[in-house]
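Biologist: I'd like to learn how to read a model like this one. Could you take me through it feature by feature?

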Amino acid sequence: MGMSTLKLLKYVLFFFNLLFWFCGCCILGFGIYLLVHNNLGVLFHKLPFLTLGNVLIIVGTIIMVVAFLGCMGSIKENKCLLMSFFVLLLIILLAEVTLAILLFLYEQKLHNYVADGLTESIQRYYSDNSTRAAWDSIQSFLHCCGVNGTNDWIHGPPASCPQGQQIQGCYTKAQLWFHSNFLYIGIITICVCVIQVLGMSFALTLNCQIDKTSQALGL
């Protein structure tokens with residue numbers, strides 16, 4: 001019974017992490033594509049590294065590393081790799097919880113920081129090609145104009161702004177989208193946390209099962 005349980009846990013954890021490893025590869029590849037083509041440019045000049053491409057590369061790399069440890073630790077029944085997988089998942093989970101608490105506590109400050117950063121970037125639109133590319137991409141994709149509306153453009157809205165009288169600002173539209181989809185975002189966040197907890201549980205259980213099997217075989 002111990003051996004069958006060990007095999008079941010091993011392959012469940014292996015395929016579980018293999019799926020996430022492929023997801024990490026896709027995210028990493030898309031991030032590299034965005035970084036190479038630089039279609040979105042830079043919006044926040046105080047944080048020039050904070051681009052969608054860089055964020056996707058970091059997230060994709062972390063997912064690939066963690067999933068690789070899970071895959072190899074489970075299929076090789078290596079306790080060291082399994083515990084490394086568990087510790088990394090625990091660190092990521094704690095970081096997510098900490099980030100959520102900080103976002104809740106400093107929501108207004110973050111709101112002001114983002115609004116000020118976007119307003120400042122508008123002033124660089126005609127002098128910085130990267131900023132122009134970023135605003136043109138966002139306004140075309142979201143069908144919005146400026147931070148809060150067309151009045152943000154002192155010299156008149158650029159060609160990437162959609163035509164019309166009731167055009168919303170990009171930050172305003174993003175906020176409305178977030179609030180209208182808050183339930184779905186919360187559900188996805190909870191599902192991600194549950195998956196992480198399950199991964200940690202499987203890793204610990206498999207680790208304990210390896211010990212029991214080794215003792216039963218007299219190793």
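Modeller: Happy to; keep in mind that this is a predicted model. Start with residues 81–106, whose end C-alpha atoms lie 37 Å apart. That span is 96% helix and 0% strand.

Biologist: Which residues does UniProt list as "transmembrane region"?

Modeller: The unreviewed UniProt entry gives residues 12–35, 47–69, 81–106 and 182–206 under that name. Such annotations may be inferred rather than shown by experiment. For residues 182–206, the model has 100% helix and 0% strand, with the end C-alpha atoms 36 Å apart.

Biologist: Now a single side chain. Is Gln196 buried or exposed?

Modeller: The way to decide is by relative accessible area, where under 20% counts as buried. Gln196 has 9%, so it is buried. It sits in helix H7, which covers residues 182–216.

Biologist: What does Gln196 touch?

Modeller: Leaving aside residues up to four places away in sequence, Gln196 touches Leu89, Ile92, Leu93 and Glu96. With Glu96 there is also a polar contact between the two side chains, at 3.1 Å.

Biologist: And what about Lys10, buried or exposed?

Modeller: Lys10 belongs to helix H1, residues 2–37. Its relative accessible area is 10%, so this lysine counts as buried too. Beyond residues up to four places away in sequence, Lys10 touches Ser74, Ile75, Glu77 and Leu206.

Biologist: Let's do disulfides. How many disulfides does a search of the whole structure find?

Modeller: The test is a distance: two cysteine sulfur atoms within 2.5 Å. The search turns up 2 disulfides. One is between Cys144 and Cys170, with the sulfur atoms 2.0 Å apart. This bond links distant parts of the chain, as its two cysteines are 26 residues apart. Cys144 is in the loop between helix H5 (129–142) and helix H6 (170–180), while Cys170 is in H6 itself.

Biologist: Why is the disulfide of Cys144 and Cys170 called right-handed?

Modeller: You read that from the torsion about the S-S bond. For Cys144 and Cys170 it is about 90°, so the disulfide is right-handed. Cys144 is buried at 0% relative accessibility, and Cys170 is buried at 6%.

Biologist: Which cysteines does the other disulfide join?

Modeller: That one joins Cys145 to Cys161, S to S 2.0 Å. Each of these cysteines lies in the loop between H5 and H6, so the bond ties together parts that are 16 residues apart in sequence. Cys145 and Cys161 are both buried.

Biologist: What pattern do the disulfides follow?

Modeller: Count the bonded cysteines along the chain, and you get 1-4, 2-3.

Biologist: Last topic: helices. How far apart should the ends of H5 be?

Modeller: At 1.5 Å a residue, the 14 residues of H5 should span 20 Å. The end C-alpha atoms are 20 Å apart, so the model agrees with that.

Biologist: Which residues of H5 are buried?

Modeller: Here's the general idea: an α-helix has 3.6 residues a turn, so residues three or four places apart point the same way. In H5, the buried ones are Ser130, Thr131, Ala134, Trp135 and Gln139. Seen down the helix axis, they fall within an arc of 155°, so they line one face of H5. Among the elements covering them are helix H4 (107–123) and H6. The face turned away from that buried side carries the exposed residues Asn129 and Phe141.

Biologist: What is found at the start of H5, and what follows the helix?

Modeller: At the start, a side-chain oxygen of Asp128 comes to within 2.8 Å of the backbone nitrogen of Thr131. After H5 comes His143, which has a positive phi, near 55°.

Terms used
Residues are numbered from 1 along each chain as its sequence is written. This is a predicted model: local features need pLDDT of at least 70, side-chain atom pairs count only at pLDDT 80 or more; totals for chains, interfaces and linings use all residues. Side-chain values use heavy atoms; hydrogens and water are left out. Helices (H or I, at least four residues) and strands (E, at least two) are DSSP runs, numbered from the N terminus. Buried means under 20% relative accessible area, exposed over 50%, partly exposed in between (1.4 Å probe, protein chains only). A polar contact is a pair of N or O atoms within 3.5 Å; within protein, one must be able to donate a hydrogen and the other to accept it, and residues adjacent in sequence count only if both atoms are side-chain atoms. Contact means heavy atoms within 4.5 Å. The expected span of a helix is 1.5 Å times one less than its number of residues. The arc is that of the directions from the helix axis to the C-beta atoms.
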